[in-house]
Amino acid sequence: MPPKSTPERAAGPLESAADFRRRLLRWFRRHGRDLPWRRTRDPYHVLVSEFMLQQTQVARVEAYYLRFLEQYPSIGALAAAPPAGVRESWEGLGYYRRAHHLHSLAQEVMRSHGGVIPSDPDLLVRLPGVGRYTAGAVASFAYEIATPAVDTNVARVLRRAFHPRLPRSGAQRRLWETGALLVPRRGASAWSFNQAIMELGALICTARVAHCSRCPVRPACKTGQTGNRKPSPP
Ligand code: SF4
């Protein structure tokens, strides 16, 4: 039976996972954007930002995020709010189902978790409106749990960097496995790594264009190394 493929095995000495991680983190320390939800580790604040960022651009979310937290400063305050008020606070962000789910989640956390948002991704994923990505994001951003958070930006970076020929079928599983291998267990934080790889996907390795010529992880990226001008699709 062939050995299980890891980024390290697939990449070669210069393109190791450790090299990728090191380059990525160094770049993020210098170029990561200062966003309001990056200034907090409060699980409730992280959760609100993640719900808002689902399907909505960063620039649009910034103003809503701060206003929403002023209106509902704690998960208890949100749980106790009338549904119509929560919907009104969400007005302009669209996709109102998210507001409904967030409100239900707050009530569930108050009812079943004593008002404490769980840190375990397996518990988080059982809450209303929380998928695998959001569970990983809250666990790593709020609690420093070494778990991946693979959204569309991250999936695109992982695919291009480590699996440029990955067939569609089974791709998600493989990308999550790769994400799990890359998240640091010690030293650099899970928060930093997950934020950094998302940022790379948002700013450099974008859906429209892979800006390989100015990409910090290029020497550790399979697509970047081959100089491929047509990277695999997002
Ligand atoms: S080198 Fe190119 S393909 Fe690779 S991660 Fe950077 S931008 Fe994406």
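Me: What secondary structure does the chain have, helices or strands?
Reply: There are 13 helices and zero strands in the chain. Keep in mind that the model is predicted.

Me: What's the order of elements from the N terminus?
Reply: α-α-α-α-α-α-α-α-α-α-α-α-α.

Me: How much of the chain is buried?
Reply: Of the 234 residues, 50% are buried.

Me: And the surface? How much area, and what share is carbon and sulfur?
Reply: The accessible surface is about 11900 Å². Carbon and sulfur atoms hold 52% of that.

Me: What share of the contacts links residues 24 or more positions apart?
Reply: Take the contacts with a separation of 6 or more. Residues 24 or more positions apart account for 66% of them.

Me: On to packing. At what angle do α3 and α4 cross?
Reply: Roughly 140°, with the axes coming within 10 Å. That makes α3 oblique to α4.

Me: Left-handed or right-handed?
Reply: The crossing of α3 and α4 is right-handed.

Me: Which residues meet there?
Reply: α3 brings Tyr44, His45, Val48, Ser49, Met52 and Leu53. α4 brings Val58, Val61, Tyr64, Tyr65, Phe68 and Leu69. By class, the contact of α3 with α4 has 10 nonpolar residues, two polar and no charged.

Me: How does α3 pack on α9?
Reply: α3 and helix α9, residues 132-143, pack at an angle of about 145°. Their axes are 9 Å apart. α3 passes α9 in a right-handed crossing.

Me: Who makes that contact?
Reply: From α3, Pro43, Val46, Leu47, Glu50 and Phe51. From α9, Tyr133, Thr134, Ala137, Val138, Phe141, Ala142 and Tyr143.

Me: And by class, nonpolar, polar or charged?
Reply: The contact of α3 with α9 has 10 nonpolar residues, one polar and one charged.

Me: What about α6 and α7, what's the geometry?
Reply: Helix α6 covers residues 83-90 and helix α7 covers residues 97-112. Their axes come within 9 Å and cross at roughly 135°. That makes α6 oblique to α7. α6 passes α7 in a right-handed crossing.

Me: Let's zoom in on Leu102. Buried or exposed?
Reply: Leu102 sits in helix α7. Leu102 counts as buried because its relative accessible area is 2%, under the 20% cut-off.

Me: What does Leu102 touch, beyond its neighbours within four places in sequence?
Reply: Leu102 is in contact with Leu47, Val48, Phe51, Phe68, Leu78 and Trp90.

Me: How far is Leu102 from Ile75?
Reply: C-alpha to C-alpha, 9.7 Å in space. In sequence, Leu102 and Ile75 are 27 residues apart.

Me: Backbone next. What is phi at Gln55?
Reply: Phi of Gln55 is about 70°, a positive value, although Gln55 is not a glycine.

Me: Where does Gln55 sit?
Reply: In the loop between α3 (43-53) and α4 (58-71).

Me: Is Gln55 buried or exposed?
Reply: Gln55 is exposed, as its relative accessible area is 56%.

Me: And Tyr95, what is its phi?
Reply: Near 45°, a positive value in a residue other than glycine. Tyr95 lies in the loop between α6 and α7.

Methods. Residues numbered from 1 in each chain as written. Predicted model: local features only at pLDDT ≥ 70, side-chain atom pairs only at ≥ 80, totals over all residues. Heavy atoms only, no water. Helix = DSSP H or I, 4+ residues; strand = E, 2+ residues; numbered from the N terminus. Buried < 20%, exposed > 50% of the residue type's maximum accessible area, 1.4 Å probe, protein only. Contact = heavy atoms within 4.5 Å. Areas by Shrake-Rupley, 256 points an atom, 1.4 Å probe, with all protein chains shown as cover. Axes fitted to C-alpha atoms, helices over the stretch in contact; angles between N-to-C directions. Parallel < 35°, antiparallel > 145°, perpendicular 65-115°, else oblique. Left-handed = near helix turned anticlockwise from the far one by under 90°. Nonpolar A, V, L, I, M, F, W, Y, C, P; charged D, E, K, R; others polar.
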